[in-house]
Amino acid sequence: MNVSDDLEKNQQPLVEREWSRREFLLGAGGLAVVGVGALFAKSPIANAFQSLRPQTTDQGHVRLYQGDFYFDPNHMQWRVGDQVTLHLMNQSPNRPHEMWIGRGFDTTPTEFGPIATGFHTDFWDGVHINILEAYHVSNWVTNNAIVTSQVSPHPWLVTGPGNGNFSPTLEPGGYVTWSFTVPNKPGRWMYGCFVQSYIHYDEGMRGTIDILPAKV
Ligand SMILES: [Cu+2]
């Protein structure tokens, strides 16, 4: 018997043990999932769970990450009247990103046809915001939002209408935090980044926010 045969012989049971253990774990896991699923499907808890699920809202501190080219998460659910403190962080190592919230598109004609360059309706119109934190901000257009408090200094703040929609633009590694009360604008809204016109948005820097009516 040579050395390699001997090794093979010694290792064989080990491999088998590993395999069977993995198989056991997978099998047990599968069974557990099926078991819980079956239990839920039959129990009234399933119905309660389903009816509760659409009610889940992002409130309090909400974290939203920007990257090349995505928002994480790309869906949020807010409720009218809730207090939200939004932390927006640009995790890109080398690209600036912005964040608009709106509905409908404004388009610009190009040689390839019209492209969307921003949202037509600005979600932030008339909304009171408190700017709590700002780090490595290129600029922050406030448009028709009402800034009730802000950090200082704030040379990056571009106040008043006529400069585009409400949108902070963050440098790589930058972040901002602002708080607001979710305005009475229920329904589906979109968020997105329109840096380089439509390119970031088209590459995936977009998401949706469902705003639920106020709790009665
Ligand atoms: Cu972007």
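**Copper site, sheet and a loop residue**

Q: Where does His200 sit, buried or exposed?
A: His200 is buried, at 1% relative accessibility. Here buried means under 20% relative accessible area, exposed over 50%, and partly exposed in between, with a 1.4 Å probe and protein chains only.

Q: Before we go on, what kind of model is this?
A: This is a predicted model, where local features need pLDDT of at least 70 and side-chain atom pairs count only at pLDDT 80 or more, while totals for chains, interfaces and linings use all residues. Residues are numbered from 1 along each chain as its sequence is written, and side-chain values use heavy atoms, with hydrogens and water left out.

Q: Thanks! Which residues coordinate the copper ion?
A: His97 (ND1), Cys193 (SG), His200 (ND1) and Met205 (SD) do, at 2.0 to 2.6 Å. Donors are N, O and S atoms within 2.8 Å of the metal (3.2 Å for Na, K and Ca), and water is not among the atoms, so sites may look incomplete. Along the chain, the spacing of the donors is H-x95-C-x6-H-x4-M.

Q: And what about the angles at the copper ion?
A: They run from 81 to 136° among the 4 donor atoms, and the site is irregular. Four donors count as tetrahedral if all angles lie between 85 and 135 degrees; four count as square planar and six as octahedral if opposite donors are over 155 degrees apart and all others between 65 and 115; anything else is irregular.

Q: Is Cys193 buried or exposed?
A: Cys193 is buried, with a relative accessible area of 0%.

Q: New topic: what order do the strands of the open sheet follow?
A: The 5 strands run β3-β13-β12-β6-β7, with mixed pairing. Strands (E, at least two residues) and helices (H or I, at least four) are DSSP runs numbered from the N terminus, and two strands pair if DSSP finds at least two bridges between them. At the edges are β3 (75-79) and β7 (115-122), each pairing on one side only.

Q: How does β13 pair with β12 and β3?
A: β12 (residues 187-192) and β13 (residues 206-212) are antiparallel over 6 bridges, whereas β3 and β13 are parallel over 5 bridges. Ile211 in β13 stands opposite Gly187 and is also the bridge partner of Trp78.

Q: Last one: where is Thr57, and what does its side chain touch?
A: Thr57 lies in the loop between α2 (44-52) and β1 (60-67). Its side chain makes a polar contact with the side chain of Gln59 (3.4 Å). A polar contact is a pair of N or O atoms within 3.5 Å; within protein, one must be able to donate a hydrogen and the other to accept it, and residues adjacent in sequence count only if both atoms are side-chain atoms.
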